[in-house]
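Subject: Structure for your review

Dear colleague,

Please find below the structure that I am handing over to you. My notes on what was found in it follow directly after.

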Amino acid sequence: MKKVEAIIKPFKLDDVKDVLNELEISGMTVSEVKGYGRQQGHSELYRGAEYIVDFLPKIKIEVIVKDDDLKTVVESIAKVAKTGKIGDGKIFVSTVEEVIRIRTDENGEDAI
């Protein structure tokens with residue numbers, strides 16, 4: 001099993017959610033996060049004073065998938081989240097050793 005973490009632009013959330021539903025990925029965790037990479041933030045004016053906005057709003061989506069589904073999930077997220085502009089985000093993949101569904105005591109892929 002793999003954990004896929006995608007950091008995307010906020011307005012792309014619905015597109016990513018829709019494509020994951022089409023792939024029958026039934027569960028996900030979504031968090032509002034802030035960060036920066038090459039985008040580096042930008043400056044704004046507030047009451048006549050300029051200030052730097054270092055951390056930009058992003059959305060973090062986390063899903064656990066079977067190893068067989070990994071390539072399709074990652075490619076689908078990348079395709080629909082891409083705008084071609086700086087700040088599109090990143091996808092991280094890591095190995096998950098165990099999943100346990102608390103309600104039923106199911107574990108492994110059965111618990112996904």
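Lys90 is found in strand β6 (residues 89-95), where strands are DSSP runs of E with at least two residues, helices are DSSP runs of H or I with at least four residues, and both are numbered from the N terminus. At 53% relative accessibility, Lys90 counts as exposed. The classes are as follows: buried means under 20% relative accessible area, exposed means over 50%, and partly exposed lies in between (1.4 Å probe, protein chains only). Lys90 and Lys60 are separated by 30 residues in sequence, and their C-alpha atoms are 9.6 Å apart in space.

Please note that this is a predicted model, in which local features need pLDDT of at least 70 and side-chain atom pairs count only at pLDDT 80 or more, while totals for chains, interfaces and linings use all residues. Residues are numbered from 1 along each chain as its sequence is written, and side-chain values use heavy atoms, with hydrogens and water left out.

As for the overall layout, the protein chain contains two helices and six strands. Read from the N terminus on, the order of these elements is β-α-β-β-β-β-α-β. Of the 112 residues of the protein chain, 28% count as buried.

Strand β5 deserves a paragraph of its own. Seven of its ten residues are buried, so β5 is largely enclosed by the rest of the structure. Strand β1 (residues 2-8) pairs with β5 in the antiparallel sense over seven bridges; two strands count as paired if DSSP finds at least two bridges between them. Within this region, Val65 of β5 is the bridge partner of Lys2. Strand β2 (residues 29-35) also runs antiparallel to β5, and seven bridges join the two. Glu32 stands opposite Ile59 in β5.

Side chains of opposite charge can pair when their charged atoms come close. How many salt bridges does the structure hold? There are five, a salt bridge being a side-chain nitrogen of Lys or Arg within 4 Å of a carboxyl oxygen of Asp or Glu. One of them joins Glu62 to Lys3, with the closest N and O atoms 3.0 Å apart. Glu62 lies in strand β5 and Lys3 in strand β1, so this pair ties together parts that are 59 residues apart in sequence. Glu62 is buried, at a relative accessible area of 18%, whereas Lys3 is partly exposed, at 25%.

Another salt bridge is formed by Glu5 and Lys60, whose closest N and O atoms are 3.2 Å apart. This pair links distant parts of the chain, as Glu5 is in strand β1 and Lys60 in strand β5, 55 residues apart. Glu5 is buried, with a relative accessible area of 17%, and Lys60 is partly exposed, with 22%.

The side chains of Glu106 and Arg101 also meet in a salt bridge, at 3.4 Å from N to O. Glu106 is partly exposed, with a relative accessible area of 31%, and Arg101 is likewise partly exposed, with 25%.

Finally, which residues form a negative surface patch? They are Asp67, Asp68, Asp69, Glu109 and Asp110. Patches are made of residues with over 30% relative accessible area and no salt bridge, with like charges joined within 9 Å and nonpolar side chains (Val, Leu, Ile, Met, Phe, Trp, Tyr) within 5 Å. Asp67 is located in the loop between β5 (56-65) and α2 (70-81), and Asp67 is partly exposed, with a relative accessible area of 41%.

With kind regards

Technical notes: Accessible areas come from the Shrake-Rupley method with a 1.4 Å probe; for residues, only the protein chains shown count as cover. Lys and Arg count as positive and Asp and Glu as negative; His and the chain ends are not counted. The place of a charge is taken as NZ of Lys, CZ of Arg, CG of Asp or CD of Glu.
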